[in-house]
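Please find below a colleague's note on the model, arranged as numbered points. Each point may be checked against the structure shown.

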Amino acid sequence: MSLYPQLESSLKHHFGYDTFRPGQREVITAALQNQDLLVVMPTGGGKSLCFQLPALMKSGVTIVVSPLIALMQDQVDALRRNGIAATFLNSSLSGEKVRSREQAVLAGKVKLLYVAPERLMSERFLPFLDLVHHHGGISAFAIDEAHCVSEWGHDFRPEYRQLSKLRGKYPQVPTWALTATATERVRTDIIQQLQLRQPSIHIASFNRPNLYYQVRPKTQYAYTELLELLRSTDGACIVYCLTRKQVDELTLKLKHNKISVLPYHAGLSDTERSQNQTSFIRDDVRVMVATIAFGMGIDKPDVRHVIHFNLPRNLESYYQESGRAGRDREPSRCTLFFGLSDIKTIEWSISQKTDPQEQMVARQQLRQVLDYAEGTSCRRTIQLGYFGERFPGNCGNCDNCRYPKPVQDWTTEAMKFLSCVARSQERFGMGHIIDILRGAKTEKIKQHKHDQLSTYGIGKDRKVDDWRLLGRSLLHQGLLEQSTDGYGVLKLNAQSWEVMRRQRQVLIAVPTVERVSNINPQEKSAEAEMLFQRLRTLRKQLADLQGVAPFVIFTDTTLKAMSQYRPQTRESFAKISGVGTHKLTEYGDVFIKEITAFCQEHNLPSVDMPSTPSSTSNRGKTPSGTELVTLNLYQQGLSIQDIAIKRNLSGRTIVNHLASLLEKNQELNINQIVAENKQQKIWQVLDTLGDVALTPIKDYLGADYSYDEILLVRGVWRRKKGN
Ligand code: ADP
Ligand code: ZN
């Protein structure tokens, strides 16, 4: 039933992978049918492959528009490493080089041509494009980072607007737009600006299951904790700070503590910045301390930890910045240090804005960041909710899910706090209120005679941090208000009075600081770990010889598979995911040699690989991104057919998603689709025949039962039988 059954073997041949990621097959199928595309996938989702594989399978050359020179070079490097005919044209090349590359394109020797948008639309380039069009043909225009076309995105580039002209000039050439931007406004803009024609739209879930999210209070020990986090992370880390000054200071301190580290910010010279970036990408330095200027267009898939040492500007930036961790889908971490002083700084800078509209937006964004940082529910639910995606919670991979905070009754403390706000006439901020409660002897207290209030000194038994926690939590729970003028004056509301009258209980989730030693929970055998480190060293040597980044040779995931299965023949080596035909020839022998040497030294056999690397059993697995999108729509009450239309997928694909979701323990009600008596009957047949192919089950049940019905019930049945 699947179109293009040969896709998997092309994937293995060109890229070395055995299975498609969620959504990729659908996108590629649509691309091969010459449809326009809008592909929205989170960073690391595998967008590039969505245009690269069809480019290789179609005749003619695919023109790839990419906004950043660095990104272009990386992608072309990686493709050529796989023996793929890709090249780029940009301002970094000499005239001679440009001409020889153009010749190669005209001679039909190039399948993917990367260009910057300003070059593509230039007077000199357009005639060349015409030539290409009439010679070998243009198979498609792939517009990477397509959100750059939108003023609503975070990265608007006026040159991108010109791209719509291509539509007029080459109406029959399909346009494929790709982006990781999550907001609806930008997506609509992309479709309009690029004049996409009934595009096939694919929106993947923004969940990144391999990322572990945690928030740590930024106490006086924050630096020590940061140091420990960096020391206990095996692999590359990015530490984000707010200002250049902070970056420089932190870099110096970390250097002093023997961390392999470099700074990155807009204050450095161009050369220094690009040198530091290259050192990081090539694993010559392990930690990059940076302002948010770092990261855009950096295609390093094996960053293991992204640490925000300051609060991010808004949740979307946090998602994008933290999302630079673990693009290769290996377990990675995102840590946010949450300091109350950051709130003050941000509030102050908001109060400096002159445009009231901008101020309001910034306040709202701060509110959302605080909701995330102070929230006690699943971090994923909060983040994805921000993008309009419903996530059921209990992800098991964030601090709140793994280490739920104990809840305590702080009603009495809350009453003290709120009456102190009342007694001082609702005219002061949190710091002053806490001073009164703790009986401080400040000028301000003397001046306002607050040492004569009945609440003066009634909170000596608790620390300043406890009172802050309570104050923040009251704000958070809506039991107290705060002025938004930058002064943060505390005000009471109706709920506050209920608390003071003991009509309302106040529960506080008390943070327990997660120990740094919780890091690295994955178990790996000692041998696998040793071999992995050896292969990593070998990879680094080869990379240095060839002047490329190590991950371009093989990714960590591929090295891990090698250290797990220890293949010692070309045949078994070729089966490792990430080993394509070209890389087998190029690197097979030297890696096999290293593995064999290791096995001999340690007296180890190789390990049989599972025959199909993709999962035959879904039990205990988490749903994939595309399944979650379907789940989300289904739970909103859409029918299978509606979901299919909305997602531009077949009805059967949707049914397969639902069946798989059921199998993976997702709560779904299928009574609307399959009558209960039918469910019972199918169940009986499954019990009788066992988990056999669908056709015999269908034959047994007869024409009254559809494949869809059987698939869904089988999902539930498998789950029950699996437990
Ligand atoms: P994006 O452009 O969406 O950020 P990439 O296309 O760079 O993501 O893909 C991220 C990583 O995943 C790359 O290392 C890529 O080679 C890898 N990848 C893509 N598709 C697959 C697949 N089907 N199987 C395994 N790895 C894949
Ligand atoms: Zn969670």
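**Notes on the model**

1. Lys449 counts as exposed, at 51% relative accessibility; exposed means over 50% relative accessible area, buried under 20%, and partly exposed in between (1.4 Å probe, protein chains only). The phi of Lys449 is near 55°, a positive value in a residue other than glycine. Lys449 belongs to the loop between α21 (443-447) and α22 (464-476); helices (H or I, at least four residues) and strands (E, at least two) are DSSP runs, numbered from the N terminus.

2. This is a predicted model, in which local features need pLDDT of at least 70 and side-chain atom pairs count only at pLDDT 80 or more, while totals for chains, interfaces and linings use all residues. Residues are numbered from 1 along each chain as its sequence is written, chains are lettered from A and ligands numbered from 1 in the order in which they are written, and side-chain values use heavy atoms, with hydrogens and water left out.

3. Gln198 is exposed, with a relative accessible area of 77%.

4. Which residues are closest to ligand 1? They are Tyr17, Thr19, Gly44, Lys47 and Arg327, among 14 residues that surround the ligand (a heavy atom within 4 Å). By class, this shell has four nonpolar residues, seven polar and three charged; Ala, Val, Leu, Ile, Met, Phe, Trp, Tyr, Cys and Pro count as nonpolar, Asp, Glu, Lys and Arg as charged, and the others, Gly among them, as polar. Helix α3 (residues 47-57) gives the most to the shell, with three residues.

5. Polar contacts (N or O atom pairs within 3.5 Å) to ligand 1 can be listed by residue. A polar side-chain atom of Arg327 is 2.5 Å from an oxygen atom of ligand 1. A polar backbone atom of Thr19 lies 2.9 Å from a nitrogen atom of the ligand, and a backbone N or O atom of Gly46 is 3.0 Å from an oxygen atom of ligand 1. The protein buries 82% of the 570 Å² that ligand 1 exposes when taken alone (Shrake-Rupley method, 1.4 Å probe).

6. Arg427 lies in the loop between α19 (411-423) and α20 (430-437). Leaving aside residues up to four places away in sequence, Arg427 touches His448 and Val489 (heavy atoms within 4.5 Å).

Key:
A polar contact is a pair of N or O atoms within 3.5 Å; within protein, one must be able to donate a hydrogen and the other to accept it, and residues adjacent in sequence count only if both atoms are side-chain atoms.
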